[in-house]
Structures are given as C-alpha cells and as structure tokens.
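Below is a short note to read alongside the coordinates. Please keep the model open while going through the points.

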Amino acid sequence: MSPRSSLPDVSRRTFLAGAGAALGATALGLPGTATAAAIPNGASVPVLVIGTGYGGAVTALRLAQAGIDVQLVEMGMAWDTPGSDGKIFPTSSAPDQRSYWLRTRTKQPVSNFFGFPIDKDIPRYTGVLDAEEFAGITVYQGRGVGGGSLVNGGMAVTPRRDLFNQVLPTVDANEMYDVYYPRANAALGAKLVDPAWWGSTPAYQYSRVGKKHAERSGFPWRFVPTVYDWDYMKAEAAGTATKSALAGEVLYGNNHGKLSLQKTYLAQAAATGRVNISTLHRVTSVRPVSGGRYAVVLEVLNTSGTVTATKEVTADKVFFAGGSVGTSKLLTKLKATGVLPALNGEIGKGWGDNGNVMCGRANHMWDPTGSLQSTIPTIGIDNWDAGGAFAEVAPLPVGIETYASMYLSITRTNQRASFSWNPSTGKVDLSWQTSWKQTSITAAKSIFDKINSKEGTIYRTDLFGGYKIWNDTLTYHPLGGAVLGKATDNYGRLHGYPGLYVVDGALIPGAATVNPFVTITALAERNIEKIRATDF
Ligand code: FAE
C-alpha cells in the first residue's frame, strides 16, 4: 500500500454509491452518508447481516464469495466523505461532533489532565465513538461501517494457546490455531512493527520506557502485531506522508494508515459485487414470518439521531453482528417482549468487560516518555500466570512531555453480568457493578506495584478525576451476552429459530485474556465456514 493510499478503488465505488443523498450532510460540512443505495421498504433478501464490525464483515465476505447476496445494515455512518476541514475523522486532541455517537458532551477515557477536566460540549451527531452508559460501567464501541475497527487501537493479539480452552472450551483449539487464527490475521493485515525502527524512533520512546521498566521488575513482555500500515507510519515519521497515528488520531478514527475493516474484509466483500450496505439504518426487531423467513424492522436515522422513516424487509437468514452489546440488547428485548419467545434462558447472560482497567504511572524526570507518541500500541506485559494481568503499554498522545506511562490491563476475572428488559423504561439494563472491577485492579497491581517499588515511582492521580488511580468505570472490550454453546449451538446458531445466527463478540463469554478482535474474527471465520457448508 502506498503511503498516501486510502480506500481501495473498488470499495470507494461501493461505499460512495448514492453520494447524492448525502447532500444534506455534506452541505453542512459534515461527512456524508451513502443512503441512496439503502435497502428499500418491503425488500426481500436471502441474507441480512445486522452490523458491519468484525463478525458482520467476515460473514458478508465469506457468504458473498460463495455466491450469496448479502445485505449489511449499519446504524452508524459510512465514514467515507471528508468534512469541511478536509478530513473524515477529527484528532483525539480536538474532538468535535464527529467524535461521539449522539452525545452533547465528550466522555474521554482520560477525563482529566494535571487534575483539570478536559471534556467539552459538542453538537449531538451520529459520531464514530459510542460511550454507552449503563448503571455500573461505560462501554466504548465503534459506530459506522467497520464497527470497532474505526476507533480501536489496532492491537491484533492472538491469545496464548495454552489459555484458549479457558476462553472457548467447546471449540477445537487445533483448528483455531492451525486454520482460523492464521486466516483471520492474514485477512486483517496484522503485522509486527520493525523492531529496529521501533528501537530508535521518538514515536515509541514511551513503549521503550514501558519495556525497560517491565524488564527491570522481571516481567516478560512481547511485541504484539497490529493492523496499522507500518510503511505508512515510517513515512509519517520521515515527514513524507500526512500524519495520522503520529498526529494523535485513533479514538475518533484514523484518516490514514489504519487497516480498518473498510480496507480489508469489507473492501474484499465489496469487490464481489454481492454486498450492499445500508447506513444509518438501525434494526429494532426480527420476527418469524411464513415460509421459515424473518421480517426485519429498520429505523432510518438522520445525523441528529432522529428516526425519519421505518422500513420492514424480509430475509431467509439473519445474522446478528451488532457487537456484544448491540446483539445482546436486541435479543434480550425480542425474547422478553414475546417477539422471539423460543430463544433460550441464556440470552443476555455471560457478559464481561474483558477485565479492562486503566492506570498511569508518574516517571522520574530522567525517564521521559516523549512528546511525540504513536497512538498505536506495540507491546504488552504478560503477568497472566503469576498475577492474572496482560497490560498493554498505551500512549498518552497529547503533544507535550508528560512523564506518564499509561497502561490498559486485560485481567483474569470471573465477574459476569446479565442484560435484562426494563418494561418501565423500554430499555435494556446491564447488571454490572463498578465494585466488581476490584478483581481487575488487584491483578493489575500485581504488575504496577512492583514496577513502582523497583523504580521508586508512584501512580498518577490526575488523569481520571477525583484523585483516582484506576479508571474502573469503563471497558473497550465488551464480550458475551449470547454465549457460544449456551445461547447458540457450537457454531452460533440461535436455539429455537433456524436461520438466526450470532456471529460477533456476544459469543465470547466475557473475557478473552488479550485484546479481542482477532479472536472474534477467527471465531467468525470458523463458524461461517460451517454454516455456509451446512445451512445454505
Ligand atoms: P463491533 O465491531 O462493535 O461492530 C458492531 C456494529 O454493529 C457497529 O458498527 C454498530 O454500530 C452496529 N450495530 C449495533 N447494533 C445495531 C443495530 N441494532 N442495527 C444496525 N447496526 C447495529 O462488533 N480490540 C482489539 O483486539 N485490539 C485493540 O487494540 C482494541 N482497541 C479498542 C479501542 C477502542 C476505543 C474500542 C472502542 C475498542 C477496542 N477494541 C480493541 C475492541 C474491538 O474493537 C471490539 O472487540 C470489536 O470491534 C468487536 O467486534 P464485533 O464484531 O463484536
């Protein structure tokens, strides 16, 4: 891929189909949305996929390659057209309406800096990052064509093989490690950073400091592959390409360099000519109709989030790929309200936060982490066996020297929550309690208490408000809610309804031991291969 490349031509053509209908949005100087190609009311399709994240993209590609037409439905925007500033996505340091899904104030994971709150008011808009608030936890998710791949850190981590049975005990690990993980990693474009460049570029000084401190305290660490185009990042560093990872872009999308699903699975799917995507369409209901088919109700949204129309279409088969939260909420509602009463009692259960907890450490003045920090993490500290934590060394890309080392820890935790329908609010609740994060904090402390003691350093208390050391109120990695082998059979077929499938992070029971998107992708590859062979 050339340093200045963006979407491959074929996918641009498909995603840009119907740009005329985007006029309302582009006239305001906001990114457009390809709605002209949207599925018409009353349409009948063989396959409808709800959501365009990892599970949805794998499903669409593999079915389309087998000659099956696929209709993808995505509640978020297309993210294919620049706004009046010439950019599709804003930087992390200057969030605007594009940054958040229907919020009027930002909700940044690092909410304070030197103690001062940094969140700000923004116009309500169908932006790219959803900070969805439940009673005990905020769940960050991507919204738009590409789902979480639009906003995530790109860390493409395959779990340790010896831990896989704890994650998905009913899945054959040999098959996963011999066939589906390699297939997923190849299609995602996962690659390791060039260690020599990493060892010298100012952009990874923060990582090198993290490695040094881990080593000095006796912790194993490892490079993790990512889905960023490393040649592009080198060109950014050399000043020959427009900066993206080196300009603080990640949380609200990367304008360049990141191999989001738009550039990988979804581009390949578009190239088959068998895939159509309806953006700003939200699925609200799926019910059985005659002939073993399903009626799917869709709300059409404008960029303020207002429902402007409702459609009903029918499909032979429906794949739920709305992400752990999106799929679980929909299925929980449909079971509780009697629309899909034969779904079993496992719907909505087994949800977890992948043990996510964040913290920062204050380094000495002789250990600067650098004013230039790549937003794409490259290493993890592995203390899983001794302390139950895998910690990614994360950036704090604010453009000045902060002397901070940031970490997102993924920890061993058995805490699981359930989704339930609340008839009085007409919403789905989640039973997660903030206090359940204590297990994760204890696990993360197994690494950072030791490093602090060895280095003579302390935790930062100025980053999360209220002098908090731990950000224990969020997750980036929602998992579970329609668990494989429980709510579904061992390949994601929902019990009670032939032709309904779950293909996303909802299948994974609450924790993956590492960042989850490679496992979600590999599992989707495994399941769709079986489903395509036996159910079509
Ligand atoms: P997901 O990618 O969330 O896609 C679901 C899609 O469905 C979304 O586009 C939704 O808008 C759409 N949708 C939901 N409900 C509906 C509906 N009713 N109608 C129509 N559309 C709907 O699902 N993971 C890693 O492995 N490495 C990382 O470095 C990493 N960093 C992250 C950083 C951030 C800030 C965030 C938010 C996540 C990160 N993750 C990371 C998690 C990863 O992105 C996530 O596990 C996957 O995106 C989940 O994939 P799914 O296919 O389950």
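The numbered points take the basis of the model, the ligand site, an annotated span, and then some individual residues and a helix.

1. Basis. This is a predicted model, in which local features need pLDDT of at least 70 and side-chain atom pairs count only at pLDDT 80 or more, while totals for chains, interfaces and linings use all residues. Residues are numbered from 1 along each chain as its sequence is written, and side-chain values use heavy atoms, with hydrogens and water left out.

2. Ligand shell. There are 36 residues around the ligand, and E74, G148, M155, G505 and F517 come nearest; a residue is near when one of its heavy atoms lies within 4 Å. By class, the shell holds 14 nonpolar, 18 polar and 4 charged residues. Here Ala, Val, Leu, Ile, Met, Phe, Trp, Tyr, Cys and Pro are nonpolar, Asp, Glu, Lys and Arg are charged, and the others, Gly among them, are polar.

3. Which protein atoms lie 3.1 Å from a nitrogen atom or an oxygen atom of the ligand? For a ligand nitrogen, a polar backbone atom of M75 is at 3.1 Å; for a ligand oxygen, an N or O atom in the side chain of N152 is at 3.1 Å. A backbone N or O atom of M155 is 2.8 Å from a ligand nitrogen. On its own the ligand has 990 Å² of accessible area, and the protein covers 94% of this (Shrake-Rupley method, 1.4 Å probe). Elements giving two or more residues to the shell are α3 (54–65), β6 (138–142), β9 (281–289) and α13 (517–535). Helices (H or I, at least four residues) and strands (E, at least two) are DSSP runs numbered from the N terminus.

4. Annotated span. An unreviewed UniProt entry annotates residues 142–165 as "domain: Glucose-methanol-choline oxidoreductase N-terminal"; such annotations may be inferred rather than shown by experiment. In the model this span is 21% helix and 4% strand, and its end C-alpha atoms lie 28 Å apart.

5. G210. Helix α7 (residues 205–216) contains G210. Is G210 buried or exposed? Its relative accessible area is 0%, so G210 is buried (buried means under 20% relative accessible area, 1.4 Å probe, protein chains only). Beyond its neighbours within four places in sequence, G210 is in contact with I379, I381 and V393 (heavy atoms within 4.5 Å).

6. T303. The loop between β10 (293–301) and β11 (307–320) holds T303. T303 has 17% relative accessibility and therefore counts as buried. Leaving out residues up to four places away in sequence, T303 touches M77, R124, Y125, T126 and L280.

7. Helix α8. W230, Y232, M233, A235 and E236 are the buried residues of α8 (residues 230–238), and they pack against α6 (195–198). At the N-terminal end, D229 caps the helix, with a side-chain oxygen 3.0 Å from the backbone nitrogen of D231. Just after α8, G239 has a positive phi of about 80 degrees.

8. K437. This residue sits in the loop between β17 (427–430) and α12 (438–455). K437 is buried, with a relative accessible area of 0%. Its side chain reaches the backbone oxygen of N356 at 2.5 Å, and a polar atom of that side chain lies 2.7 Å from the backbone oxygen of L474. Residues touched by K437, not counting those up to four places away in sequence, are I137, D353, N356, W432, D472, L474 and T475.

Terms used
A polar contact is a pair of N or O atoms within 3.5 Å; within protein, one must be able to donate a hydrogen and the other to accept it, and residues adjacent in sequence count only if both atoms are side-chain atoms. Buried means under 20% relative accessible area, exposed over 50%, partly exposed in between (1.4 Å probe, protein chains only).
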